[in-house]
Amino acid sequence: MKIVDDNVYLMNAADRIELIRSGVPAAHLAVLSVKMGMPEGRLLALLGMSRATVSRKVREHQPLAPEESERVLGVESLIGQVDAMVRESGEPVGFDAARWLADWLAMPVPALNGRTPASYLDTIEGQKLLSDLLAMAQSGAYA
């Protein structure tokens with residue numbers, strides 16, 4: 001199954017679980033880092049992944065482990081959520097959801113007690129928190 005930008009956000013739970021269990025191709029991390037305009041090493045660090053392990057898996061054409069795949073899909077889902085939010089708000093001409101998310105991840109957020117959203121990417125619960133913050137921002141309930 002191929003990962004396609006915001007399709008992860010729109011995927012049904014069964015398909016997402018299947019992709020997690022089968023493993024995201026390790027090489028997808030390089031694609032994701034380019035899409036976000038973020039150095040791959042930084043992305044790996046934020047996701048709590050070892051560069052050596054990922055490099056080995058890329059060389060050997062192995063997929064990521066399920067827990068690693070889940071974190072990567074979480075980032076893809078956040079990108080899809082931002083894209084959907086902008087599309088619902090109007091015409092997103094020239095808007096790059098992946099780049100916007102990368103910028104937002106680096107900014108301290110009052111609702112996170114001044115911490116950056118990036119510091120929550122390494123866990124699924126943290127990613128859910130970020131998704132909830134984005135949803136609150138869209139509804140105007142952002143704290």
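How are α6 and α7 oriented to each other? I looked this up in a predicted model, in which local features need pLDDT of at least 70, side-chain atom pairs count only at pLDDT 80 or more, and totals for chains, interfaces and linings use all residues. I number residues from 1 along each chain as its sequence is written, and side-chain values use heavy atoms, with hydrogens and water left out.

**Entry 1, α6 and α7.** I find that the axes of helix α6 (residues 66-89) and helix α7 (residues 97-105) come within 9 Å and cross at roughly 110 degrees, and α6 and α7 are therefore roughly perpendicular to each other. For the record, angles under 35 degrees count as roughly parallel, over 145 as roughly antiparallel, 65 to 115 as roughly perpendicular and the rest as oblique. The axes are lines fitted to C-alpha atoms, for helices over the stretch in contact, with angles running from 0 to 180 degrees between N-to-C directions. Helices are DSSP runs (H or I, at least four residues), as are strands (E, at least two), and both are numbered from the N terminus. On the α6 side I note Val-75, Leu-78, Ile-79, Val-82 and Asp-83, and on the α7 side Ala-97, Ala-98, Trp-100 and Leu-101, where contact means heavy atoms within 4.5 Å. By class this contact has eight nonpolar, no polar and one charged residues; Ala, Val, Leu, Ile, Met, Phe, Trp, Tyr, Cys and Pro count as nonpolar, Asp, Glu, Lys and Arg as charged, and the others, Gly among them, as polar.

I then turned to Ala-97, which is found in helix α7 and, at 6% relative accessibility, counts as buried. Buried means under 20% relative accessible area, exposed over 50%, and partly exposed in between (1.4 Å probe, protein chains only). Leaving aside residues up to four places away in sequence, Ala-97 touches Ile-79, Val-82 and Asp-83. Its C-alpha atom is separated by 8.6 Å from that of Gln-81, 16 residues apart along the chain.

How closely do the axes of α3 and α7 come, and at what angle do they cross? I find that the axes of helix α3 (residues 28-36) and α7 come within 7 Å and cross at roughly 85 degrees, which makes α3 roughly perpendicular to α7. The contact is made by Val-34, Lys-35 and Met-36 of α3, together with Ala-98, Arg-99, Leu-101, Ala-102 and Leu-105 of α7. I sort these residues into six nonpolar, no polar and two charged.

Leu-43 sits in helix α4 (residues 40-46) and counts as buried at 0% relative accessibility. Not counting residues up to four places away in sequence, I see Leu-43 touching Leu-29, Leu-32, Ser-33, Met-36 and Met-38.

I checked backbone angles next, and His-61 has a positive phi of about 55 degrees although it is not a glycine. His-61 is found in the loop between α5 (51-59) and α6, and at 75% relative accessibility His-61 counts as exposed. Asn-113 also has a positive phi of about 55 degrees without being a glycine; Asn-113 lies in the loop between α7 and α8 and counts as exposed at 74% relative accessibility.
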